[in-house]
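Subject: Structure handover

Hello,

Here is the structure you were expecting, with the sequence. My notes on what was found follow below it.

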Amino acid sequence: MNGTLKRASVACLLMFGLLMININYLQAVKADDLRTDSRNTRSFFARYQNERGMITAGGETLAKSVDTGAANTFRFQRKYTDGPVYAPVIGFFAPESAQGIEGAENKYLDGTHPDLFVRRTVDLITSKPTRGAAVDLTLVPKAQKIAYEDMQKSGKRGAVVALDPRTGAILTMVSLPTFDPNTMAAPDKSKAAKVYNKLDKDDNKPLLNRAISTTYAPGSTFKVVTSAAYLSEDSSRDANTEVDAPNVLPLPGTNIGLPNYHGESCGGRATLLDALTISCNTAFGTMGLEMGYDKLKEQAAKFGMGQPMSIPLDVVASDIGPDEGKAALAQTSIGQRSNQITPLQMAMVAAGVANQGKVMKPYLVNKIVSPDNEDIDSTRPQELDEAVTPQVADELRKMMISVVQNGTGTAAQLPGITVAGKTGTAETAKGAASHAWFIAFAPAEDPKVAVAVFVESGSAGNDATGGAVAAPIAHDVMQAVLGQ
Amino acid sequence: MSAVDVAAVPMTAKRRGAQLVMLAFAVAIVMVAYANVGLGTNGQVPAGMLTYGLGLGGLMLAAYFVMAKFAPWADPLVLPLVTLVNGLGLVMIYRIEQATPKLASASNQLFWTALGVVMFSVTLIVLRDHRALQRMTYTAGFVGLGLLILPLLPLLGKEINGARIWVGVGGFSIQPGEFAKLALVVFFAGYLVAKRDVLALAGRRLLMIDLPRARDLGPVLITWVVSVGVLVMEKDLGTSLLLFGAFIAMLYVATQRTSWVLIGVLLFIGGAFVAGQLFSHVGARFDVWLNPSSQALYDRTFGSSYQLMQGLFGMGSGGILGTGLGQGHPNLIPLSFSDFIFAATGEELGLTGLMALLMVYALIVERGLRTAIAARDPFSKLLAGGLSFILAWQVFIIVGGVTNLIPLTGLVTPFMSQGGSALLANWILIALLVRMSDAARRPPPQAIQDEGLTQVFQR
């Protein structure tokens, strides 16, 4: 019987072998899937087990984890200060999802990032609980709050973005309407889901970060890009170069014409400076037709349009639209037609001009700080592209100063500081209210802040213009940044 | 020449000292694990650590002395290995008691462990020669069958968690099936020893397979009917699979005919398939096995994969090193104190702990099979082989079930799951193995005088 007993032993060995292979498969190969399965409540507990890093900006704590003392279940809960003001940037940390910085920098915040490996190991050995690293943002709280209040007080929808033109640091990013991330912070899946679904279905789209997640017709603010392309095309051109500026520009291939705003006249011919100051549509239409689609597209790309970015939040690509013929090109040149741009991208246009033509890569995270206050990583400013030469930037600066001093953007003037800017009023549909835009930078001689204000159509009355509605907000934001 | 022959008979060492050291080691591991639970749950070494540790240590010391006196030649490794698994089971139940105090009770389990050790000792003391069991072959068969159908009796039987495998005696519930398992293995061994020649030799050859005669199929068919009967009447898939598998394995060992295995497997697959079609609770297990993570199966109220998936989630969350004792969430796994104790252990001790645990089980089984191979008579060989196999087979069925290697059928994890009947039965099983190991390893009586050219041979 020993022969069959030995075979039975082999069978037993085989059974144990199979069991061992199977648990290896489950606990090593498939472990991550099982761990992260949404039905696994453990990952839900684990989300609240460790002290999540703070999110700070300019010395203020915007988000922190509070110890509730409930060991082994939902120990740490997230609390947000001024939730609605920062929500578009910070996002939220809900039971099953995280958005904004909470999502994008999650690995640092929850302490699982490879950079924190050594710390984690030390914690493990000394049996200290793992803590996440803090994320310090580039936002300037004072400017952020004033931008939010200016928009919110008058019930406007839209976005405000301010950049440091020298580095690309994002100083302000506000989007309205917004939400309070505290409402989704409780470890209650169904409650958080209810709040989220309500926000998601809201027609005013409070979850949408209007500064980066969607594009709008830029209107006349785009004339800065058209001017940049026109000046760069021929180095003999400057702010005083004259172009045709008829009362109505016939659109080639159609029987309609491109009029000026409210049918005003630009006097037949105008210098670039005058054309931008009074925002003469026909002059820029003419420039666009003279240059052709490719030149305009190329210039737009140099400012950063045409590709998505990560700041580290995802920024959708801005685009001047496809080449649809001459009539379309004239409209594209004044920021209409299929020309669709994010407020952040328009702020980058202003910042590029301000920074002598160099566009810096925008970023939100200033630095990552370990739980014991050591800097783990800090963002080094990077140049994205040279949009225009310093000479062209100088001419554009002159033209934009004139807009604020003598033209449509006088509401953005700051006492004792030269401001350069451009207004925009973009038609969205025939008869519908327009989007109001304003882009600016200051001080014009040594720019420290560049800003784009976007007010969505219909939220600021029916004849909202960039000069009347958007420029005052830019004024307050620039003042807050410069006065800090 | 003849003097050399006498010296060539291998002398097995008793290794009692080694056994004592390993026993102490096993108890030490259990005590450290016990302290770990306290440190993991509330940062303190539990107050009862010394009581529990010394209690377990004292019990095992007693078992050691009984072995030293009544089975001195027995395998020294078996008792420490069983102590380790039983102790870890106690620790896990203590840990689960912290999370779900209503369901798990470590002090009860310690009491049953003590009773188990008593049964172990009593078996060793009373049963001086296991071959006495061979004379009780048919008695054992009737007792086994009787115990199996006991829960079906109207007043005695109780249905718990959907399976009617319990008998209420006074305040206790016992699972007679656990003891039936032992009686039936004794019966199989005795019966097969008597009939092995006819089962092995008679028959005809067809398609390279030696088919048995129709009338020799009788016992196979009866066992099959009993297994399927248990499955249907008591809704106990686990025991049914356990008994049938053990019988087929023993039949194969006794007759050396592969055809029995094939016939057995075909019969079982056929039976299981028909049962799957006829009984929804069997069919549900198959659905869940094939597609455990399906949301529809997870959500359904009857026969859902919820329990299985919670166990798998626990194991997945434990990963390679585990969360550490006291730091997982065994309360999330239904039945974590009984059928799913393996999954709960996997969460806290991780892959590393489970591999070690399976290794310990494999070693116990291997020591048992070694005893079978070393045994000197066919009955001992079959009994030791059958008992070892049924232990391995039980671990395979329940661990394979909770890890979704095979469809889940409820069975206790030997020496770990909470429950007195299984613990007592398994301690008796170990006592039988120890008894046979003692007989197998005991050196043959030395010749009083030189017997000249008498041939000495080993079996």
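I start with two helices of chain B: the axes of α15 (residues 378–402) and α16 (residues 420–441) come within 10 Å and cross at roughly 140°. Please keep in mind throughout that this is a predicted model. The crossing of α15(B) past α16(B) is left-handed.

On the α15(B) side, the contact is made by B:Ser380, B:Leu383, B:Ala384, B:Leu387, B:Ser388 and B:Leu391. Facing them from α16(B) are B:Leu429, B:Leu432, B:Leu433, B:Met436, B:Ala439 and B:Ala440. Sorted by class, the contact between α15(B) and α16(B) has 10 nonpolar and two polar residues, with no charged ones.

α15(B) also packs against helix α14 (residues 341–374) of chain B, at an angle of about 165° and with the axes 9 Å apart. α14(B) and α15(B) are therefore roughly antiparallel to each other. Here too the crossing, of α14(B) past α15(B), is left-handed. Residues of α14(B) in this contact include B:Phe342, B:Tyr361, B:Ile364, B:Val365, B:Gly368 and B:Leu369. From α15(B), the contributors include B:Lys381, B:Gly385, B:Val395, B:Ile398, B:Val399 and B:Val402. By class, the contact of α14(B) with α15(B) has 15 nonpolar, four polar and one charged residues.

As for chain B as a whole, it has 16 helices and five strands. Of its 459 residues, 52% count as buried. Among the contacts in chain B with a separation of 6 or more, 70% are between residues 24 or more positions apart.

The last item is the interface between the chains. How many residues of chain A are in contact with chain B? There are 30, and they are in contact with 38 residues of chain B. The elements of chain A that give two or more residues to this side are α1 (2–29), α2 (31–36) and α3 (41–47). α1(A) gives the most, with 18 residues. The chain A side that touches chain B divides into 15 nonpolar, nine polar and six charged residues.

Regards

Conventions: Residues numbered from 1 in each chain as written. Chains lettered and ligands numbered in written order. Predicted model: local features only at pLDDT ≥ 70, side-chain atom pairs only at ≥ 80, totals over all residues. Axes fitted to C-alpha atoms, helices over the stretch in contact; angles between N-to-C directions. Helix = DSSP H or I, 4+ residues; strand = E, 2+ residues; numbered from the N terminus. Left-handed = near helix turned anticlockwise from the far one by under 90°. Contact = placed C-beta atoms within 7 Å. Nonpolar A, V, L, I, M, F, W, Y, C, P; charged D, E, K, R; others polar. Buried ≥ 20, exposed ≤ 12 C-beta atoms within 10 Å, placed from the backbone. Parallel < 35°, antiparallel > 145°, perpendicular 65-115°, else oblique.
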